[in-house]
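This report covers selected helices, aromatic contacts and strand pairings of one model. Please read it beside the sequence and the 3D view.

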Amino acid sequence: MPMSRPVLRGWWLGYWAGLLLSRWGSHLVIGSLLPPIALLLSLLIRRFRPRDWLIGGIITLFALLYFQFRFPHPHSQDISLLLNPKFPYQKAIVTGKVLSEVRETSNNRQQFWFAAQSVTISTQPEQVRGKLYVTLPHSSAKLYPSQVLTLEGTLYQPRQPVNPGEFDFKTYLALQSTFAGFKAEKILRQQPPTWGMWQLRQRIVKAQKQGLGAENGSLLSSIVLGRQAVSLAPQIKNDYLKVGLAHILAASGFQVALLLGVTLHLTRLSTPKTRFLLGVIILVFYLGLTGLQPSIFRAVLMGIGVLIGSVLERKVNPPGSLLLAGTILLVINPVWIWDLGFQLSFLATLGLIVTAPTLDGYLDWLPPKIIPFVSIPLAAFVWTFPLLLHSFSVISNYSIVVNIITAPLITLISLGGMLSAGLSLIYPPLGSLLAGFLTLPMNILTIIVGFFAQLPGIQYT
């Protein structure tokens, strides 16, 4: 008998359940109980056969064990192991390679991820491995990904949270496969960077800054490429967070949907295979350009599903496509189940699939072209509200209003920004020229955000 879709999706959900249980109690005890519990449930719920429930329980147990196997642990040569728990701070000189774009922190320092290669604590350098969370005072030297640096500063162990609800910095680093931080004081040596995707990102950012100015240009680049690829001033990030628009500063499924829509429109006269190949190439290129962020990865997989459906002339099932894309990602890296960006992206997309069509029916008294600008922010907010409240203990009181007001602007800015980015890769002056046409909508967006950010009672704690 062929396997039914509900059974298959049930097994996928069993895998997700196992990953979500990974932080509860004794994993082996809970995991050992799952198959018999599933078998018992099968006697009560007759829709699925007992064998299907038993296999689902085994998949859940596998997910529990797989998560533990894949959860990051320090390598035997990890630099963090050089720190004595009794003396968690140690002066050191570290040589390694920059792994990410440099970003500004709230305490006026620069931050980046760093792959340690050697460390000198006493006299002789020692070969090491592992990632470091590095902060550095602002310097005139421009730093780039893949650049080899020698830094002098303090190596430290991240501390556990002391107060309830406090940000767990240690767990945050562990989820990034990082087990130590380095507070650098100065750069001793630096080598020229090697070629990488960062150069293409810099080409786009530079062109958009020339067309819009430094502040608006960086903001546009963040909307198009994500905040991991662009450094924004802390005040800008804080204002967008306060009004409930922080999500637009991180490239997401919305940008992928726009990119896919434009690609399909421009290739509408091509053969299905040509449309498929061009679509996959563009989506994968954009994924690399944004830095392999989980939310973009998920959206790209769903986009490829749409392309496959168009080639096979089959209608894509959105909930099934979302679940399949999420499951593939969590097989590649199960730790992403606890990545806040992945969680918010998945829930927001689920809200658009499940809730937005229902809201469209209740809003049929509005002009048809206005309905999506209202229903989409409402649906996304309903599904992400509990997670945001749990994660930050703060909610923007004007979030829904701001999202509805700015939805048309953000659509226009995102579309124009992506077209500007594409032209910047080919001929930067043309990309700058197109970015310049976005000056008015960018200024209006800035005025709206600034207005609401100054209102009393902007946040509820």
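## Helix α6

Helix α6 covers residues 214-225, and its end C-alpha atoms are 16 Å apart; twelve residues at 1.5 Å each should span 16 Å, so the two values agree. The expected span of a helix is 1.5 Å times one less than its number of residues. Helices (H or I, at least four residues) and strands (E, at least two) are DSSP runs, numbered from the N terminus.

Ten of the twelve residues of α6 are buried, where buried means under 20% relative accessible area, exposed over 50% and partly exposed in between (1.4 Å probe, protein chains only). Among the buried residues of α6 are N216, G217, L219, L220, I223 and V224. Just after the helix, G226 has a positive phi of about 95 degrees.

## Basis of the values

This is a predicted model, in which local features need pLDDT of at least 70 and side-chain atom pairs count only at pLDDT 80 or more, while totals for chains, interfaces and linings use all residues. Residues are numbered from 1 along each chain as its sequence is written, and side-chain values use heavy atoms, with hydrogens and water left out.

## Helix α11

Helix α11 has 15 residues and runs 21 Å from its first C-alpha to its last, close to the 21 Å expected at 1.5 Å a residue. Its buried residues include G320, L322, L323, A325, L329 and L330.

## Aromatic contacts

The structure holds 15 aromatic pairs. Rings of Phe, Tyr and Trp (its six-membered ring) pair if their centres lie within 6.5 Å; planes under 30 degrees apart count as stacked, over 60 as edge-to-face and the rest as tilted. F297 and W336 form an edge-to-face pair, 6.1 Å centre to centre with 70 degrees between the planes. F297 belongs to helix α10 (residues 294-312) and W336 to the loop between α11 (318-332) and α12 (340-354), so the pair ties together parts 39 residues apart in sequence. Both F297 and W336 are buried.

W113, Y133, F169 and Y172 are linked by ring pairs into a cluster. The charged end of K131 sits over the ring of W113, 4.8 Å from its centre; this requires NZ of Lys or CZ of Arg within 6 Å of the ring centre and within 35 degrees of the ring normal.

## Strand pairing

Two strands pair if DSSP finds at least two bridges between them. Strand β7 (residues 178-190) pairs with β5 (residues 131-137) in the parallel sense over four bridges, and F182 in β7 is the bridge partner of V134.

Strand β6 (residues 148-156) also pairs with β7, in the antiparallel sense over eight bridges. Here G153 stands opposite A184 in β7.
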